[in-house]
Amino acid sequence: MGRPRLFGRLRAAVLGVVHVAALPGTPRSSLPLTQIIDQACQEAEIYKDAGVDGLIVENMHDRPYTVCPGPEVTAVMTAISAAVRRSCPHLALGVQVLSAANQQAIAVALAAGLDFIRAEGFVFSHVADEGIINACAGNLLRYRKQVGAENIQIFADIKKKHSAHTLTADVGVAETAAAAELFLADGLVLTGKATGLPTDPGELKEVQHAVKIPVLIGSGVTMENVKNYVDANALIIGP
């Protein structure tokens, strides 16, 4: 039995985020790797039992983030992702490596047998709390090609949360979405201003009219507002 397709169904797919504990070498790291892996797999199993369509493994607790995470982060995220893949062999599975470590995420996905990555800074520059994030699409897709990972999809954040977009104030969300599609993103992620804050339903409609690729909601989905996002291709949720 193969893993299910995320898109092309009558309802939005649901992707649960596995927020792994702070990784070795990061300021809040306190757990041995074996315990970090066990906790990630337990969280993944909870999502699986709840009936989600897929999972995203993310190093959310590695604060404060750096735009150049060390090789230990790539190694540990690979070990965690491979363990989650073994626990949930039939779910679509992706990874995000913060902050904007998109080539590292491709490497993790390739080694661990994942299906997609979530990428920051795919098109246009922005200023995040960890610094300036520049567009990476050209280098990222070339890297994906070079390592033979073209089966791994890239879901790109646009007008990303926790960021200032004054540099591109004259570029609307629909134009940003169209640029990401032109630069061969496999899907787009829309968010609110910060983690947990709802995405603007108007932006969802605007982007869906501008592109033909899938559009995912990346923050702020609740039982109360989910009706605003039923036309999205996927909903990313977390604890």
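**Pockets, a helix pair and a cavity**

Let me begin with α3, the helix that gives the largest share of the lining of the second largest pocket, namely three residues. Please keep in mind throughout that what we are looking at is a predicted model.

The second largest pocket holds about 260 Å³ of space. It is lined by 17 residues, and the closest of them to the centre of the pocket are Val67, Ala100, Ala101, Asn102 and Cys136. If you look for the elements that give two or more residues to this lining, you will find α3, which covers 102-112, together with β6 at 131-133 and α4 at 137-146. Sorted by class, the lining of the second largest pocket has nine nonpolar residues, seven polar ones and one charged residue.

Two of those elements, α3 and α4, also pack against each other, with their axes 9 Å apart and an angle of about 20 degrees between them. Because angles under 35 degrees count as roughly parallel, α3 is described as roughly parallel to α4. The crossing of the two helices, α3 and α4, is right-handed.

Which residues of α3 and α4 meet? On the α3 side they are Asn102, Gln103, Ile106 and Ala107, and on the α4 side they are Asn139, Leu140, Tyr143 and Arg144. Taken by class, this contact of α3 with α4 is made up of four nonpolar, three polar and one charged residues.

Let me now turn to the largest pocket, which contains about 640 Å³ of space. Its lining is formed by 31 residues, of which Glu58, Met60, Lys161, His162 and Thr195 are the closest to the centre. The elements that give two or more residues to the lining of the largest pocket are β1, at 13-19, and β11, at 234-237. By class, the lining of the largest pocket divides into ten nonpolar, twelve polar and nine charged residues.

How many cavities of 30 Å³ or more are counted? The count comes to one, and the volume of the largest cavity is about 100 Å³. Among the residues that line the largest cavity are Gly121, Val123, Phe124, Ser125 and His126, as well as Asp157, Ile158, Lys159 and Lys160. His165, Thr168 and Thr176 also belong to the lining of the largest cavity. By class, the lining of the largest cavity has three nonpolar, six polar and three charged residues.

Definitions and conventions. Residues numbered from 1 in each chain as written. Predicted model: local features only at pLDDT ≥ 70, side-chain atom pairs only at ≥ 80, totals over all residues. Heavy atoms only, no water. 1 Å grid on protein atoms, 1.4 Å probe; cavity = no way out; pocket = protein on both sides within 12 Å on 5 of 7 lines; lining within 4 Å. Points joined across faces, edges and corners; volume = space filled by probe spheres on them. Helix = DSSP H or I, 4+ residues; strand = E, 2+ residues; numbered from the N terminus. Nonpolar A, V, L, I, M, F, W, Y, C, P; charged D, E, K, R; others polar. Axes fitted to C-alpha atoms, helices over the stretch in contact; angles between N-to-C directions. Parallel < 35°, antiparallel > 145°, perpendicular 65-115°, else oblique. Left-handed = near helix turned anticlockwise from the far one by under 90°. Contact = heavy atoms within 4.5 Å.
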